[in-house]
Amino acid sequence: MDNLIFISYRRGDGNNVARALKIDLEQHLGSETVFLDSNINPGDKWPETIEKALRDARIVLAVIGPEWLTKREQGSGRRKIDSEEDWVRREIEETIAAGDKKTLIPVLLENVKQPEKEWLPDSIKSIFNNQIYHFRWDYRENDCKKLLDHIKILIGWKGLNKVQTVSNDKLSLLNKVLPFSSKDFPVPVIPFVGPIPFEKKEAKVFFGRSENILTLNDKINNPERRLILFYGSSGVGKSSLLFAGLFPRLIDKWNVHYHRRKLLQTLPKDLEEILSKSKESDLPTLLLLDQVEEMYTNPDKVLEDKEPDLLVEKIIHALNEYPNVRILLSFRKEYLSEIQNLFSNKNIPFLRMPLSPLDRSGIIEAITWIVHNKTLNDVYFNLEIEPGLPEQIAEDILRGQRSHVAPMLQIQLRKMWDLVNGQEKPRFTLSLYNEVKDSSLEEFLNGQIKVIQQLFPEEVESGLVLDILHFFTTGRATAGEHLQSDLIALYPPLQAETITRLCQELVNKYLLTFNTEFQPQTLRLAHDALAPPIRQLFNNSDAAGPRAARILQSKKKDIMAGRDVEFSLIDLEIIEKGEDGMKKLGSIEEKILELNKKRVQEREIQFINNIQQTVDAVIDQLYHLEYENAHVKLVHAAEKVFELEQEGTRLKFLLATGLKEQINKIASGFIEFAYFYNECGEVDFAIDLTKKAIKLLNRTDIAEELETQSHHLPLPRNYLRRILEQMDESQFANLENRYYPKMVPVQGGEFSMGNSEGEKSEQEVHKVKLKDFRMASTPITFWQFGLYCKAVGRNIEELKDSWGIHGDNPVINVNWYDCLHYANWLSNQKNLLPAYYSIKEGKNSFLIKNEMEDNDFLFDSIWKSNGFRLPTEAEWEYAARGGINKNKYTFAGSDTIMDVAWHDANSINRTHPTGSLKPNGLGLFDMNGNTWEWCWDWYEKNYYSNSEVISPKGPSTGTFRTLRGGAYSSLNIACRVYSRYATVPNDKDSTYGFRLVQGF
């Protein structure tokens, strides 16, 4: 193919730009479309080759650098451009003379200004009549595109017939201009190193950066500007290019010194040591100072902020005193402005060398070199690569994380090589690539950790693996470097062996690497590009170790400053759980944590005490039937507990000091509330209360069932009763006994009723026969009657006396009608046939409502009902005497009244809890004392004289209703089992109560 484009340049002035233009143009226009004098092969006649290429060219690019016009001849001192034999002048003259047959395009470099015409020889004054283009390294891609677009129009370019790459051209040019040194570099065992920086030992397999190596070499050889600023993004591959790409090609020509900036070995000190050694060598010295940005990010404690200025002084001295020295400063591009200004302010000339991520051409070169290099391919079993695969890999990687092109590429290639290595005919195929490819470094990192988890499950789960990886990153999200012994010393001694094995596995999985360039050997993160995803994964990890480490790190500044630091209970819990997954605590941290544990424990014990007091108050209010006030307190206590649960602070020591007990008490309180309101008929409210208890007790099994059933509201009362019983059978049984009377069976029989030595109304002793029945074991209590009052809308407060309401005391201040209303309500609660009805309303209108309480109504009883009713006098006395056992005690169960009755001698003139003294032989309590108990019978003084024998029910009419048993204010005589008393049925008194019976 005829050369379409001829590049004219002056040696030592525009070499690097000329080569860059050739590579860029051929990448888009095809190989051999551009002529540069580097194309001349050994043996070619230089003038003839140049002249022929110039004749054939359609376009001539005149690369004009800072010395294009001013460079002078040795000896005479005159400008080269003034000589008619100057080849640059002759190339431009011939192009201008060709007229329309050729197009001349001046290309001004960097900050070069267009020369005035009077400075030019007459024959080339018209050079700047043409369109001028500028070439800037920092904007190379944009500037080349403008030039390329213009050239395409000039040559009528319609595209290439097939995809062409120039990788081989780049490599050929690199090997011609800058071959490997005479030092033998062995071929590595593995052709693809993985996501780790290349070292000198991998020089023979480092590909993809041919153009960058050539450009950097040109800058190093520039005699006028001997300071180079080499910069790029973290992880872009600066170190790999230097160690494996450039240095192995310079060893014969340069005395190369590399120094990485460290805290105790500052850059100015490095510079002094190296310059002293450079005097001993005949070769020019290339001094590379790496990680220069660390003098800003990690300043020396002694020099503080003086290191940058001191470095500039040393560099000025070196450039002035050592003419054969070149200095290359390598750093992250974020610090270009600061470092550039250091030298601009001192008028020190420098060259800039930015390093961008691998482009498409570089990716393809890095993949296909193994196929095109016959010598190397023989070593690697003649590996084949499926056509189109390099382009696909390049497309995928460039579509993803462009700043991490090199490590992502090496990850994919190494994974594929590990799978085909050892095969008879290894081949990289598209299907193999799809099997191993990662879409991002995050995906690669997570995948490798999952593989490691198979060997170290506990270490991955605890977060220890992440903690180690995080240790090898810096605060600037770059790779850190440490001695393995230093790493091990940070963890408990028992973990030393495990950490040693873990480090080796992390190396095996390309996450860490051993740095063999320096001694002693160190460990570092495999690649700078891994640092950001590792730090992100560490910061977002839910594993105990990283969580604990993050908490400690957030407090570290204050801890080190000796300030008083507080940790919350949840912080302490996380730190305790994370000890196996993080570095060991320092002595100061241990002391502060111990202090905080004591503080928190004291605080939480106080919290428990407050909950205890609240629970005690709730229990007391429930005892006094103050349900609304008790409910408010209980909800408040539950909310405090829920807050703790949401923070995950239910710690072992907290539970051990009593919180668990209090949580159970709060839950029991909600169960009682739910039971109470459910029995009152407020089922919806009871369900909400039940859910609170379920949450406190973590009864997920019941929660799911209740949640499902709640969609079918209203739920029946009996359904929730079953749920509450399922939650706590023991408490449910206690609530049944608290809010409903316990009925004791009384076997029927015959007995002699009355007392011949008693009061006149008691003296007519007569035979009575009774059927079987049941009797409440105690008088009806305030708890039991209070449930009824809540259900029917009655105010229980109306019944209290001076000593207030006590749930387990017998209800007082009830008249005979109250007893009947309660009995009918209780029968309905238990799905039994009510025993009482209003004669006025008829037998089908059972007495349930409060308005039927008026004594103008007459009441009758359905004696065959299975519901609840008041006992007859005969039933009461028979039961008090012990039933069929026919005890002959004066009092119910004893001849000693103090054993069985609260009366005037021991009651301090008030009621007492039912069942607190001895029962009689049937298990009936308080048959004597505490309160008088209403009976069904009308009272008649001489009724015993004409009483029925079988189940007597008393007179058919009367003015008074009977009460039996005596009260807390009664003397002994009134408490005897046969003593009688009577009053009008609507009379209320603090000594009046009742108990119920039930027929079979």
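## Stop one: a buried pair

Select Glu933 and Arg995, whose side chains form a salt bridge at 2.8 Å, N to O (a salt bridge is a side-chain nitrogen of Lys or Arg within 4 Å of a carboxyl oxygen of Asp or Glu). Glu933 sits in strand β24 (residues 932-938) and Arg995 in the loop between β27 (992-993) and β28 (997-999), so this contact ties together parts that are 62 residues apart in sequence. Helices (H or I, at least four residues) and strands (E, at least two) are DSSP runs, numbered from the N terminus. Glu933 has 0% relative accessibility and counts as buried; Arg995, also at 0%, counts as buried too. Here buried means under 20% relative accessible area, exposed means over 50%, and partly exposed lies in between (1.4 Å probe, protein chains only).

Before you move on, keep in mind that this is a predicted model: local features need pLDDT of at least 70, side-chain atom pairs count only at pLDDT 80 or more, and totals for chains, interfaces and linings use all residues. Residues are numbered from 1 along each chain as its sequence is written, and side-chain values use heavy atoms, with hydrogens and water left out.

## Stop two: other salt bridges

How many salt bridges does the structure hold? There are 41.

Next, select Arg964 and Glu877, which meet in a salt bridge at 2.7 Å, N to O. Arg964 belongs to strand β25 (residues 961-964) and Glu877 to helix α34 (residues 873-880), so the pair ties together parts that are 87 residues apart in sequence. Both Arg964 and Glu877 are buried.

Now go to Glu707 and Lys691, where the salt bridge spans 3.8 Å, N to O. Glu707 is in helix α29 (residues 700-710) and Lys691 in helix α28 (residues 683-697), 16 residues apart. Are these two buried or partly exposed? Glu707 is partly exposed, with a relative accessible area of 41%, and Lys691 is partly exposed at 32%.

To see a network, select Glu679, Arg717, Arg721, Glu736 and Lys830 together: salt bridges link them.

## Stop three: the cysteines

How many disulfides does a search of the whole structure find? The search finds zero, with a disulfide taken as a pair of cysteine sulfur atoms within 2.5 Å. Select Cys789 and Cys680: the sulfur of Cys680 is the nearest cysteine sulfur to Cys789, 9.7 Å away. Cys789 counts as buried at 1% relative accessibility. Then select Cys935, whose closest cysteine sulfur, in Cys819, is 9.7 Å away, too far for a bond. Cys935 counts as buried at 0% relative accessibility.

## Stop four: two backbone angles

Select Asn813, in the loop between α32 (782-792) and α33 (816-829). Asn813 is not a glycine, yet its phi is positive, about 60 degrees. Its relative accessible area is 12%, so Asn813 is buried.

Finish at Asp926, in the loop between α35 (897-900) and β24. Asp926 has a positive phi of about 60 degrees although it is not a glycine. With a relative accessible area of 3%, Asp926 is buried.
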